[in-house]
Amino acid sequence: MSYFEKHVFFCTNQRDNNEQSCGQCNAASLHAYAKKRIKDLGLNGAGNIRMNKAGCLDRCELGPVLVVYPEAVWYTYLDESDIDEIIDTHLIGGQVVDRLRLP
């Protein structure tokens with residue numbers, strides 16, 4: 001069994017050359033929002049859900065992006081309501097949010 005049931009990585013990369021990057025899309029702020037929401041729901045810590053910042057996940061052109069493991073489901077998102085939908089539907093409910101899923 002894994003230490004965490006689910007592990008979520010938010011790309012927060014900021015590219016130096018002004019190319020599209022997740023860091024330009026409010027990724028750090030939305031990661032903080034997601035982390036607080038999971039904590040407020042009592043779903044953080046061992047055996048539960050871990051929200052992590054990540055360096056470049058090499059998909060910034062589709063960004064902002066996050067990936068949920070162990071399922072390896074990639075998402076894009078725009079705002080807190082998208083993050084809430086990923087948390088409520090996927091992390092809690094176990095169903096992929098197709099409208100936000102990346103190929």
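Two strands are said to pair if DSSP finds at least two bridges between them. Helices (H or I, at least four residues) and strands (E, at least two) are DSSP runs, numbered from the N terminus. The model described here is predicted: local features need pLDDT of at least 70, side-chain atom pairs count only at pLDDT 80 or more, and totals for chains, interfaces and linings use all residues. Residues are numbered from 1 along each chain as its sequence is written, and side-chain values use heavy atoms, with hydrogens and water left out.

Strand β3 (residues 65–69) and β4 run antiparallel and are joined by four bridges. Within this pair, Val 65 stands opposite Thr 76 of β4. Three residues lie between the two strands of this hairpin, in which Ala 72 has a positive phi near 60°. Strand β3 also pairs with β1, again over four bridges and in the antiparallel sense; here Val 8 is opposite Val 68 of β3. Four of the five residues of β3 are buried, where buried means under 20% relative accessible area, exposed over 50%, and partly exposed in between (1.4 Å probe, protein chains only).

The open sheet contains four strands in the order β2-β1-β3-β4, with mixed pairing. Its edge strands, β2 and β4 (73–76), each pair on one side only. On average, neighbouring strands of the sheet are turned by 20° against each other, direction ignored. Strands of a sheet pair through backbone hydrogen bonds, either parallel or antiparallel.

Helix α1 packs on the sheet, where it touches β1 and β2, and its direction makes about 165° with that of β2. For such angles, axes are lines fitted to C-alpha atoms, for helices over the stretch in contact, and the values run from 0 to 180 degrees between N-to-C directions. Contact means heavy atoms within 4.5 Å. The helix comprises 14 residues (27–40) and reaches 20 Å from its first C-alpha to its last, close to the expected 20 Å; the expected span is 1.5 Å times one less than the number of residues.

Ala 27, Leu 30, His 31, Ala 34, Arg 37 and Ile 38 are the buried residues of α1. Seen down the helix axis, these residues fall within an arc of 130°, so they line one face of α1; the arc is that of the directions from the axis to the C-beta atoms. An α-helix has 3.6 residues a turn, so residues three or four places apart point the same way. The cover over the buried residues of α1 includes β1 (6–11), β2 (49–54) and α2 (80–92). Lys 36, Lys 39 and Asp 40, on the other side of α1, are exposed. Just after α1, Gly 42 takes a positive phi of about 75°.

In helix α2, Asp 82 is buried at a relative accessible area of 6%. Apart from neighbours within four places in sequence, Asp 82 is in contact with Tyr 77, Arg 99 and Leu 100. Arg 101 belongs to the segment after α2 and is partly exposed, with 41% relative accessibility. Residues up to four places away in sequence not counted, Arg 101 touches Val 73, Trp 74, Tyr 75 and Val 96.

Zero disulfides were found in a search of the whole structure, a disulfide being a pair of cysteine sulfur atoms within 2.5 Å. For Cys 11, the nearest cysteine sulfur is that of Cys 22, 3.5 Å away. Cys 11 is buried, with a relative accessible area of 1%, whereas Cys 56 is partly exposed at 39%.
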